[in-house]
Amino acid sequence: MLRFLLPGFHVLHNALGRQLRLLPIVVVLGLVSAALEGAGIGLIIPMLGIIAGSQDAGGLHGISAFFQQVGAGLDDGQRLLAIAAGVLALIVLKNVLAFANTLLTMFIYGKASHAIRSALSDQLLRIGYPFFLQQNPGRLLNIISNESWRASDAIQTVLAALVNGSAAVILLAFLLLLSWQMTLFVALGLVLVQLAHAVLSATLRGPSRDVTSFNSELAARMLHLVHAGRLIRVFGQEEREKAVFDSASDAVRRAGFVLQSRQGSLPPLTEVLHSALFLGAVVSAWSVGVSFPVIVAFVVLLYRLQPHVRALQMSWGQIQGWSGSLEEVRWLLDPSDKPKPPTGHEPFAGLREDMEFDHVTFRYPGSEARPIVLSSATFAIRSGRSTAIIGRSGAGKTTIVNLLCRFVEPDEGHILVGGMPLDQIDPAQWRRQIAVASQDLELVDGSIFENITYGQNATIAEVEQAAKLAEAHSFVEKLPQGYATIVGYRGASLSAGQRQRIALARALVRDPEILILDEATNAVDGLSEAAIVETLRLRAGRRTTIVISHHRSTISFCDDVVVLGSGRVKSQTPLADVASLSMDQLYEYETGVKRHG
Ligand SMILES: Nc1ncnc2c1ncn2[C@@H]1O[C@H](COP(=O)(O)OP(=O)(O)OP(=O)(O)O)[C@@H](O)[C@H]1O
């Protein structure tokens, strides 16, 4: 039931996790501090009795008669002082408990907010890679940077509602003990106000979803401005981009205005209804002859009750207003409709035999209308040898890397490693034996040393050795900070060729069993590339290398070449057999798969 009432109930429940144990303490502290407040207010009755000179408890019943007896036997002056001191002590104690409760709720809020952010990052790291191929990064950024905070705020609101709810229950109980007729009148009125609230709050869900969706769009535009700074300037698109951004931003403003204006109508409406209700209670109490001290105590209690009830009713509206945010966070955290990460339990210690693509068919998820990327692709990658995978742009070369790294899985067919299907091998162990240097794999924002040792502990000597092999050492040495140089966001402070050499050093420092180079040297100058090719040649017989390139020189050291075209493997042949062919001739070379003898 609660799941239907409270959008994102799951999110809140899971975020609270072990902190759920603390909620009863929040409630008890709320109840006790409200009871102390109620008792303090009840003591107004004898105080007023002393001041008004009427201390007769005869007309009073129940708890009001009990309060009227407090300090009986003392003379008026002493009694007034004693009761005032008692009220002050109750107020101090109540505030100490309320402060303790504030600390406790803040602690729970902090833990739950952290749990939401941590669960989001965990999900983003665990989720199957195809998710990122399909999702709008703006939506993901918006969930992490905006919606997760609103979900945290919803938790704070729920905690505040618990405290306010506890206070309201106790203060209502005091009211009931003072006068059940007046309390019934007030309680019925509060139920009607709550109904009006619920109807209005329900209209917040639609605008809340709109705000979330426009925020995603705006986050995507922001990302675009950050990433496409050069493109926009070089094509003189500043005006157009400004207009598109402003329109996205204005859509957020408009949707936000609709939501906030509806939310904003709730507090004044509540205040007017509550005031009418309380005035009605006072007038009806007077008309049925309730005594003056009891009416005063009742009014003071009502006055103290009102903010709690108001906050409680506002919490409901706020949570409805955040329903879009909670739904977004719930969606991202829900694993049921997300691609699963690769599985497999067989250990993998090293590549002893060949890898084979056995009739592998693949199409990217969500691209059913487009031509198939790989259709029954069959070829072998010999262990300890170097294989070039070539083909015209869009032929599916990077897709083969994605399949080998298990970012995506074949729709049909198998990839076999030493005869064992790749999907049975432990993916973590498998990936530990692979290193990829690719034009798409970015550098991290840190030092050159941190970039080369990303994912691999290595000494400075090992880092220098890898950098030398990748033709990076000489330029790094000349930088004022050497290997401590900070490369900036995505390596922005380096040239494209320098970035590629650092990325290659990062792959080489692992001395991987399988090295994959996907257009990894296309921005490197000819001399450096020749030296890199020599390095790669030295791996022959010891390690397996897969090279993807459109340059003849880059694949010159390879033993085998696999030619892709139109979704098929056109040929696989020893490179020596086609040494005389140019790249263009190779792209058209079609002989099927010639296995090495
Ligand atoms: N995420 C994706 N979603 C849908 N289709 C994709 C996706 N990535 C690639 N493709 C399509 O798959 C096909 C093969 O792409 P792939 O990147 O493997 O080609 P490639 O041979 O590496 O090309 P290039 O030489 O230009 O790098 C292309 O038609 C491409 O449009």
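Student: Which residues of helix 15 are buried?

Tutor: A residue is buried if 20 or more other C-beta atoms lie within 10 Å of its own, exposed if 12 or fewer, and partly exposed in between, with C-beta atoms placed from the backbone. In helix 15 the buried residues are Lys397, Thr399, Ile400, Val401, Asn402, Leu403 and Leu404. Seven of the eight residues of helix 15 (residues 397-404) are buried, so this helix is largely enclosed by the rest of the structure. Helices (H or I, at least four residues) and strands (E, at least two) are DSSP runs, numbered from the N terminus.

Student: What should I know about the model and its numbering?

Tutor: The model is predicted: local features need pLDDT of at least 70, side-chain atom pairs count only at pLDDT 80 or more, and totals for chains, interfaces and linings use all residues. Residues are numbered from 1 along each chain as its sequence is written.

Student: Which value does phi of Ser376 have, and where does Ser376 lie?

Tutor: Ser376 is a residue other than glycine with a positive phi, near 50 degrees. Ser376 belongs to strand 2 (residues 374-381) and counts as partly exposed, because it has 15 C-beta neighbours inside 10 Å.

Student: Where does Glu471 lie, and what is its phi?

Tutor: Glu471 is in the loop between helix 18 (460-469) and helix 19 (473-478). Its phi is also positive, near 60 degrees. With 25 C-beta neighbours inside 10 Å, Glu471 counts as buried.

Student: How many residues does helix 9 have, and what length does it reach?

Tutor: The expected span of a helix is 1.5 Å times one less than its number of residues. Helix 9 (residues 180-202) has 23 residues and reaches 32 Å from its first C-alpha to its last, close to the expected 33 Å.

Student: Which residues of helix 9 are buried, and what do the buried residues pack against?

Tutor: An α-helix has 3.6 residues a turn, so residues three or four places apart point the same way. The buried residues of helix 9 are Met182, Thr183, Val186, Leu190, Val193, His197 and Ser201. They pack against helix 8 (137-178), helix 12 (238-287) and helix 13 (292-321), where a contact needs C-beta atoms, placed from the backbone, within 7 Å.

Student: At what angle do the axes of helix 12 and helix 13 cross?

Tutor: Two packed helices are described by the angle between their axes and the distance between the axes. Axes are lines fitted to C-alpha atoms, for helices over the stretch in contact, and angles run from 0 to 180 degrees between N-to-C directions. The axes of helix 12 and helix 13 cross at roughly 160 degrees and come within 10 Å. The two helices are therefore roughly antiparallel; angles under 35 degrees count as roughly parallel, over 145 as roughly antiparallel, 65 to 115 as roughly perpendicular and the rest as oblique.

Student: In which hand does helix 12 pass helix 13, and which residues of the two meet?

Tutor: The crossing is right-handed. A crossing is left-handed if the near helix is turned anticlockwise from the far one by less than a right angle, and right-handed if clockwise. Among the residues that meet are Leu259, Leu266, Phe278 and Trp286 in helix 12, and Ile295, Phe298, Leu302 and Met314 in helix 13. The residues of this contact divide into 13 nonpolar, seven polar and one charged, where Ala, Val, Leu, Ile, Met, Phe, Trp, Tyr, Cys and Pro count as nonpolar, Asp, Glu, Lys and Arg as charged, and the others, Gly among them, as polar.

Student: How do helix 10 and helix 12 cross?

Tutor: The axes of helix 10 (residues 205-227) and helix 12 cross at roughly 155 degrees and come within 9 Å. That makes helix 10 roughly antiparallel to helix 12. Helix 10 passes helix 12 in a left-handed crossing. By class, their contact has 13 nonpolar, four polar and five charged residues.

Student: Which residues meet where helix 4 packs on helix 6?

Tutor: Pro46, Met47 and Ile50 in helix 4 (residues 44-52) meet Asp76, Arg79, Leu80 and Ile83 in helix 6. This contact has five nonpolar, no polar and two charged residues. The helices pack at an angle of about 150 degrees, with their axes 10 Å apart, and are therefore roughly antiparallel.
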